[in-house]
Amino acid sequence: MKMSDLFFQTLREVPADAEVASHQLLVRAGFIKQLGAGIYSVLPLSKRSLNKIENIMRDEINAIGGQELSMPVVNPAEVWKETNRYYEIGSEMGRFKDRKDADMVLAMTHEEVVADLVRKMIHSYKQLPKLVYHIQTKFRDDPRPRAGLIRVREFTMKDSYSLDLDEEGLDKQYKAHYQAYFNIFNRCDLPSAAVLSDVGMMGGSMAHEYMYLTPIGEDTLLICNDCGYMANRQIALFQQPEITEEPLGELEKVATPGAATIADLAEFLKIPESKTAKAVFMMGTFTEGTEDHEKLVFAVVRGDLELNETKLVNAVKAKELRPAQDDEIAAVGASPGYASPIGLKDVLVVVDELVAKSPNLVSGANEEGFHYLNVNYGRDFEASIVADITAAEKDFACINCGNALDEKRGVEIGNIFKLGTKYTEALGANFLDKNGKAQPVIMGSYGIGSGRLLACIAEEHHDEHGLIWPITIAPYQVHIVALKGGEEKAAEVYQQLEEAGLEVLLDDRSESPGVKFNDADLIGVPIRLTIGKRSLEKGEIELKLRRDADRSAVPVDEIISNVLAIKDTLLAEVHKKVVEVPFKAE
RNA sequence: CGGGGCGUAGCGCAGCCCGGCAGCGCACCGCGUUUGGGACGCGGGGGUCGGAGGUUCAAAUCCUCUCGCCCCGACCA
């Protein structure tokens with residue numbers, strides 16, 4: 001491609017609304033343009049890179065038996081109503097009515113459509129297992145898109161769906177994806193780690209998230225540098241601290257004027273925060289049939305620790321939680337700031353395991369300005385549920401080895417779910433087993449967003465001058481900078497390299513050398529050739545790798561073979577990173 | 001949904017307090033010079049100042065409403 005023909009534009013200045021490096025550089029280098037919040041056009045340079053990412057995904061999913069198909073973005077709402085997700089999912093789902101006033105949905109994922117295909121097409125155990133996938137547009141009306149392509153509302157995703165007749169088959173396809181995903185990320189030269197994750201609204205029995213560790217990530221991970229335990233903070237487990245046994249004291253009501261927060265209370269009573277119990281009120285949304293209703297959830301955690309909302313959602317099996325308003329708290333007879341489960345009736349009380357075990361805590365008296373001393377679970381109050389609902393934090397003891405946990409940020413670049421029969425049962429997608437008995441097909445679903453992956457690769461591979469693409473992802477493999485006196489030779493080399501099967505970008509614009517070099521650095525093609533009078537006079541062409549500072553001079557008649565060899569070396573370097581990863585499910 | 005910030009030429013911004021010709025740099029077009037790390041000279045094009053309403057002789061500027069974008073939080077397959 002000649003740059004004089006390329007549909008692109010580089011920017012000298014950083015766009016005012018871009019904060020993270022990948023966003024700034026993808027915009028400056030002319031890869032993407034924003035249309036609206038979380039909605040981007042993909043320009044020719046990034047389309048080429050995305051095609052490469054998607055071809056790597058095709059390659060790896062085909063290798064584990066995947067068959068590519070394509071399912072519609074616009075879905076009739078019926079199938080979503082059949083699985084109930086039409087009602088369960090909130091405003092994140094794009095909805096509209098067609099001309100006949102029928103409810104329509106913009107697909108955010110394709111379990112429903114796959115299950116519909118299965119019920120129409122799969123009738124016998126002889127047709128299983130199968131693996132289908134597509135690479136296609138998704139729309140999720142995210143409340144807060146951010147960081148360029150990292151989090152958007154419309155995006156392209158590779159999603160595959162495994163179909164099996166038993167758990168064993170699901171396990172096999174799940175593990176095949178587990179490895180295939182590492183292969184994909186490694187071929188993109190992006191370091192990644194798989195962590196166990198919350199199954200969330202997808203349902204099912206097991207899920208892993210693939211994380212790219214980066215400070216700009218929005219997920220928090222807890223990591224044990226000793227044994228390798230790594231988990232999303234949403235579900236991270238930890239060893240509970242030892243409880244010192246002590247004789248149970250007598251329940252005693254004390255005046256604690258103005259001590260409405262744990263910090264004030266601990267200060268007022270001169271006790272550590274760990275000797276208090278904290279009441280956290282959430283309004284939970286529970287779905288019954290197609291109806292939602294809200295109910296107060298009263299969570300009790302130790303005063304010095306934080307509530308983990310995901311653990312709480314899972315413990316009470318709610319659709320979602322939000323903080324309760326003061327009037328909602330008062331409605332059940334509790335007093336905000338001085339609340340405790342003591343004496344409350346008909347309230348869903350969830351007590352953290354640690355609180356249940358800890359003797360003689362201080363807790364509210366449900367009366368403004370008063371607390372109880374020596375509160376003990378079982379004697380003074382009961383719980384509807386006792387569960388681990390505390391958020392793990394840095395320096396907590398690792399669940400496996402007790403080592404202090406480290407905290408890091410990450411971007412979720414892929415996920416795999418063992419779905420089970422949630423969708424196939426809802427849609428009646430059954431097959432007849434060997435005994436002629438109808439069984440629901442067992443599903444798994446597996447996703448990678450290609451745009452987010454591109455952004456993460458950009459985040460990982462850049463410097464202050466611009467992008468530094470891995471050879472497998474770069475929009476072009478070779479960038480020729482044609483300078484004065486080298487135009488003819490540059491055109492000739494360009495043609496020869498293309499004939500040799502290389503992907504070449506030729507800067508034939510009548511710009512000054514500085515502009516051309518800076519644009520080359522910005523765009524980040526891995527191999528750069530500079531062809532100008534200065535080196536041609538010595539019978540040489542200058543060769544530079546984008547990632548290296550030094551340049552080398554190559555005799556003109558060796559340039560084609562030299563560039564081919566370097567391309568092969570760069571490819572081999574990336575492919576060497578594709579290795580077997582042991583499956584970890586804990 | 002809560003908190004904060006910003007909307008003026010393609011991009012980056014000044015002007016707004018204190019109302020009075022809509023500006024600067026880059027980019028773009030023409031001519032000439034220049035050509036190994038974001039060249040120079042001369043000439044030029046491009047704006048309903050996000051939108052609506054109000055106050056005023058007069059509004060980019062003051063007031064009200066509204067839309068959009070960014071950041072933090074909530075939320076999130």
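Mentor: Start with α14, which gives the most to the surface near RNA strand B, with seven residues. Helices (H or I, at least four residues) and strands (E, at least two) are DSSP runs, numbered from the N terminus, and a residue is near a strand if one of its heavy atoms lies within 4 Å of it. This is a predicted model, in which local features need pLDDT of at least 70, side-chain atom pairs count only at pLDDT 80 or more, and totals for chains, interfaces and linings use all residues. Residues are numbered from 1 along each chain as its sequence is written, chains are lettered from A and ligands numbered from 1 in the order in which they are written, and side-chain values use heavy atoms, with hydrogens and water left out.

Trainee: How many residues surround RNA strand B, and which are the closest?

Mentor: There are 44 residues around RNA strand B, and the closest are Arg140, Arg151, Glu309, Arg534 and Glu542. The residues of this surface divide into 20 charged, 15 nonpolar and nine polar. Here Asp, Glu, Lys and Arg count as charged, Ala, Val, Leu, Ile, Met, Phe, Trp, Tyr, Cys and Pro as nonpolar, and the others, Gly among them, as polar.

Trainee: Is His134 buried or exposed?

Mentor: Buried means under 20% relative accessible area, exposed over 50%, partly exposed in between (1.4 Å probe, protein chains only). His134 is buried, at 0%, and lies in strand β7 (residues 130-139). Its side chain reaches the backbone nitrogen of Met71 at 3.0 Å and makes a polar contact with the side chain of Lys138 at 3.5 Å.

Trainee: Why is helix α1 said to be largely enclosed?

Mentor: Seven of the eight residues of α1 (residues 21-28) are buried, so the helix is largely enclosed by the rest of the structure. What covers these buried residues includes β1, α12 (450-460) and α14. After α1 comes Gly30, with a positive phi near 80°.

Definitions and conventions. A polar contact is a pair of N or O atoms within 3.5 Å; within protein, one must be able to donate a hydrogen and the other to accept it, and residues adjacent in sequence count only if both atoms are side-chain atoms. Contact means heavy atoms within 4.5 Å.
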